[in-house]
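Here is a short note to read alongside the model, written as numbered points. Please keep the structure open while you go through them.

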Amino acid sequence: MDNKVFYLTTPIYYVNDVPHIGNAYPTMVADIVARFHKLLGEKVLFVTGTDENATKVAEAAEAEGLPTQEFVDRIAPAFEKVWKDLNVQYDDFIRTTEPRHIKVVQEVFRRLRDKGDIYKGTYEGWYCVPDETFFRESEITDGLCPNPECRRPVRWVQEENYYFRLSAYQDRLLEWIEANSDALRPEFRKNEVIRFIKQGLQDMSISRANRGWGIPVPDDPDNVIYVWFDALINYLTVTGWPDDEEKYKKVWPPDVQLTGKEIFVRFHCTLWPAMLMGLGLELPKQLFGHGFWSIEGEKISKSKGNAISPAKVASDLAEQSGASRDVAVDALRYFMVREVPFGQDADYSWAGLVGRFNSDLANDLGNLLNRTLSMIKSYFGGVIPEPTGTAEELKSAVESTANEVQSAFNNLEFSRGLELIWSIIGAANKYIDEQAPWRLMKEGKQQEAGTVLYSTCEVARAVAVMISPVMPSVAREMWKQLGNPGDFESINWNDSLKWGLLPSGKAIAGPQPIFPRIEEKPKKEEKPKKEEEPEKAKVETEQLISYDEFKKLDIRIAEIKSAERVKGADKLLQLVVDDGEGERTVVAGIALWYEPESLVGRKVVLLANLQPAKIRGVQSNGMLLAADIEGRAIILKPDEDVPAGSKVR
Ligand code: ME8
C-alpha cells in the first residue's frame with residue numbers, strides 16, 4: 001500500500017530503574033531506522049515507551065517507600081529525558097498505565113475470552129519475578145531462572161488463573177515462520193524460535209491475583225492481567241485499534257519490531273504473534289532480536305555498578321575531546337552501530353569509543369572536511385570553486401555506494417552501511433593526496449585545483465546526507481560548513497545524493513573542526529627488558545649499523561600542532577609538534593606537497609634526537625620521516641591512532 005506508514009517499535013522498558021547504555025541501544029537504533037525511512041521520503045511512526053504494570057516495578061516502588069503510581073510517574077519522565085538527550089525523536093511514547101492502553105488491553109482480553117482462546121484454570125509452576133516469566137519444570141536447575149542473563153532464584157506459584165490457549169497456535173506459528181523468510185531475524189535466532197516452538201507449546205497463564213497493581217481482568221477485578229500479555233499490546237494501542245480505524249489502517253502491521261535477544265523467542269516470536277492470530281490481525285513484517293552489550297567484558301548489572309548511563313558517556317566524550325555535546329552523542333550512536341553487525345553481542349569500552357572517535361571520525365571524516373575547506377579558504381578566498389570537469393571516480397563511487405548503503409540500512413546492516421560510507425571518505429582523502437591541489441596551485445593550475453576541491457566538497461555533502469540518520473547533528477554541522485547547499489530539513493536520499501548539487505560561487509566560513517582528537521596519555525614506559533645479545537652478524541658489516549647504534553635512535557610518534565610556511569623557502573614548512581613530552585619546532589621539506597592546514601592534528605613519525613640545526617633561520621629540533629618517491633616526500637603515519645610519544649622500534 002502506497003501510503004502505508006512505516007511503523008517501528010522498541011521494547012517498552014520496565015521503569016524499575018533509569019535507562020543504561022543497554023536499554024538505550026534499541027532506542028538509538030530505532031531512531032536511526034526512523035530517520036533513515038524519513039530520509040527516503042516515507043511517513044514513519046516510531047514508538048517507544050515504558051512498561052509499568054510489572055510486579056518488579058511495584059517491588060522497586062516499595063523498596064523506595066513510594067506508592068507505585070508516584071514511583072512510575074517519577075521514573076517514566078527520566079526515560080523521556082534520556083531519549084531527548086540522545087537526540088532520539090520518537091513519534092509516540094506509550095506508558096502502560098495510560099487509560100488508552102488499559103482500554104485496549106481489556107478489549108483484547110474480552111475478545112479472546114469470548115472466542116474461547118482465554119479460559120480459567122489452576123496454575124502451579126516456577127515463576128521468575130525479575131523476568132516476569134513462567135518456566136517449565138524441565139527448564140529449571142538448582143532453583144534458578146534458566147535465562148543466562150538472569151540466573152536468579154525462581155518462586156513456586158500456585159494460583160487460579162486465566163490461560164491463553166497458546167498450544168493451539170503451535171502449527172500456525174511454524175507455518176507463518178516457514179512462509180515468511182524475513183519475518184524473524186537474524187537467521188540464527190529464527191532457528192532458536194523454531195526449536196523452541198517445536199519442543200511443544202503449553203497454554204500460558206495470563207493473570208495474577210490482584211495485589212493492587214496491574215490492569216484488572218474485565219468483569220473479574222480480583223485478578224490482574226499478566227504483565228507480558230499487557231505489555232505486548234502496547235504495539236496495538238498506539239495504532240488507535242480498534243476505534244481509530246483510519247489511523248490503524250495506515251499503520252498496521254508493524255514493519256520492524258526491535259527487541260533484545262532475551263525477550264525475542266518466547267514473547268515476541270511466540271506469544272505475540274499467537275495473540276494477533278487469535279484476534280485475526282495481520283502479523284508484524286519483521287521482528288529483530290538484537291544482541292547484548294557488555295561493559296569491558298562484564299555483563300551490565302546494577303550490583304556490579306557498571307550500568308553506565310549513555311548521557312554520562314556523551315558528557316565525558318564531550319569534555320575530553322572538546323567536541324560539542326551533540327557531536328559526542330552522535331559519536332556514541334555511531335560507535336554503537338558501527339562496532340558489530342546488528343544482531344550480535346558487543347562490548348563497550350572507553351578505549352574502543354575513543355579509538356573510533358579518533359580514527360574514523362577525527363582522522364577520516366573530520367580530516368576530509370577540514371583540509372578541503374581550509375584549502376578553499378587559502379586558494380579560493382573561501383568561495384566554493386567552479387569545477388571545470390568531473391572527478392569521475394568520486395562521482396561513480398558516491399552514486400554506486402549510495403545504492404549499496406541504502407540497501408544495507410534498509411536491511412538493518414548498519415555497520416556494513418557505515419563501512420561503505422567510510423570507503424568513500426577514504427577514496428576522497430586519497431584523491432586529495434594524489435591530486436595534490438597545493439602542487440596544482442604551485443604549477444599555476446588553479447582550475448584543476450578548483451575541480452579537485454569542488455569534488456571533495458561534493459563527497460562531503462553526500463556523506464553528510466548518508467550519515468544523517470546515524471549522526472544527525474554532525475550532518476547538520478557539515479552542511480553548515482559547506483555553506484548550506486539547500487535546506488537541510490528537506491534533504492532526501494533520492495534527490496540529495498545526485499552528484500553536482502553543491503552550488504559553486506558561494507562563500508563559506510573556514511573549517512571548524514567537528515571532532516577534536518582525544519589525547520590518551522601514553523602508557524607508562526615498561527621497564528626495558530634485558531635485550532638478548534644479537535648473534536654476531538657474519539655478513540659484511542661495513543654498510544650495516546649495529547643494534548646498539550640503532551638503539552641510540554629516538555624515533556617516536558608526534559602530533560602536528562601547527563604548521564606554516566617558512567618565509568622565502570618554497571619547500572619548507574615550520575611545524576610545531578607534540579612529541580609526548582612537550583612541544584618542539586621541526587622544519588620539514590614538504591611544502592610542495594602538503595598544505596600546512598591539512599597537517600594540523602596529524603600523527604607523524606619523528607626522529608627526535610637528531611642534532612638541532614638552523615634551516616633558513618629557523619632552528620629545527622628533529623626530523624619528520626617520509627618516504628621519498630622520485631623526489632616527492634610522503635610523510636609516514638602510524639597504521640592506527642596511537643598517542644604522541646609512542647616509541648617506534
Ligand atoms: O524486558 N544490551 O524491559 P527491560 C543490549 N519490559 N540491550 C539491552 C541490554 C544490554 N545489556 N539490557 C537491556 C523488558 N537491553 C520488557 C519489555 S516489550 C513489550 C516489554 C534492552 O527494561 C534490550 O532491547 O528489561 C532488552 O530487550 C530491553 O532493553 C529490555 O528492557
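1. Which backbone atom lies 3.1 Å from a nitrogen atom of the ligand? It is a backbone N or O atom of Gly-22, a pair that falls under the heading of polar contact (N or O atoms within 3.5 Å).

2. Before going further, note that this is a predicted model, in which local features need pLDDT of at least 70 and side-chain atom pairs count only at pLDDT 80 or more, while totals for chains, interfaces and linings use all residues. Residues are numbered from 1 along each chain as its sequence is written, and side-chain values use heavy atoms, leaving out hydrogens and water.

3. The ligand is surrounded by 23 residues, the closest being Ile-12, Tyr-14, Asp-51, His-290 and Trp-293 (a heavy atom within 4 Å). Strand E1 (6-14) is one of the elements that supply at least two residues of this shell, and E1 gives the largest share, four residues (strands are DSSP runs of E, at least two residues; helices are runs of H or I, at least four).

4. Elsewhere, helix H12 (residues 325-338) packs against helix H13 (residues 350-380) at an angle of about 100°, with axes 10 Å apart. That makes H12 roughly perpendicular to H13 (65 to 115 degrees).

Technical notes:
Polar contact = N/O pair within 3.5 Å; in protein donor to acceptor, adjacent residues only side chain to side chain. Axes fitted to C-alpha atoms, helices over the stretch in contact; angles between N-to-C directions. Parallel < 35°, antiparallel > 145°, perpendicular 65-115°, else oblique.
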